[in-house]
Amino acid sequence: MTRLPKPIIEFRSGSLPIELLICGGKNVSDYPWADRFVGDWPLPKWQRGLVWNTKQKQAFIESVYIGYDLGSVMINSLDWPDGQQFATPMSEIIIDGQQRISALIGFVKNDFPVNGLYWRDLTRIEQRVLREREIGIKKVACFDEDKLRIVYNHLNYSGVRHEMSEMA
């Protein structure tokens, strides 16, 4: 009998430049099992939709420039065995961080301004600040959907409150 919970899946922590989250380069056709994406990142069917309003997105982008902690995103690893035509289901899914990634992509696509400025209005140096800013990343390598659902549910009952209907 253990006194404290044990990890369900193993996590590796690190950081990476925001640009690597938003630059694209993947082919959505490599993930035929995915119905939805944030940028080029596949989302599992049980991931809730986008819930941040424009004000929340703007506040997050402001945090990038101010230098606040951006939290982290959790992404599953890629599994593509030799001879397989497509990525294994659940490969490279966003487990946590969809709202953050969507806000970053939306700003870069000029969907909303920050301090009255759209991405297109920024100097190359101002754009570079965002692209090179590091964000925390948690990498996992788990293709057991039931375990991934448990992790998702555990992580996502803070921040913007989930509805019971959004539970995986």
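Which residue just after helix 3 takes a positive phi? In this predicted model, in which local features need pLDDT of at least 70, side-chain atom pairs count only at pLDDT 80 or more, and totals for chains, interfaces and linings use all residues, the residue is Asn110, with a phi of about 65 degrees. Residues are numbered from 1 along each chain as its sequence is written, and side-chain values use heavy atoms, with hydrogens and water left out.

Helices are DSSP runs of H or I with at least four residues, numbered from the N terminus.

Six aromatic pairs are present in the structure. Rings of Phe, Tyr and Trp (its six-membered ring) pair if their centres lie within 6.5 Å; planes under 30 degrees apart count as stacked, over 60 as edge-to-face and the rest as tilted. Trp52 and Phe60 form a tilted pair, at 5.7 Å centre to centre and 55 degrees between the planes. Phe60 counts as buried, at 8% relative accessibility. Phe107 and Trp119 form an edge-to-face pair, at 5.8 Å centre to centre and 80 degrees between the planes. Because Phe107 lies in helix 3 and Trp119 in the loop between helix 3 and helix 4 (124-132), this pair ties together parts that are 12 residues apart in sequence. Phe107 is buried, with a relative accessible area of 1%, and Trp119 is buried, with 9%. One aromatic cluster is formed by Tyr31, Trp33 and Phe37.

Methods. Helix = DSSP H or I, 4+ residues; strand = E, 2+ residues; numbered from the N terminus. Buried < 20%, exposed > 50% of the residue type's maximum accessible area, 1.4 Å probe, protein only.
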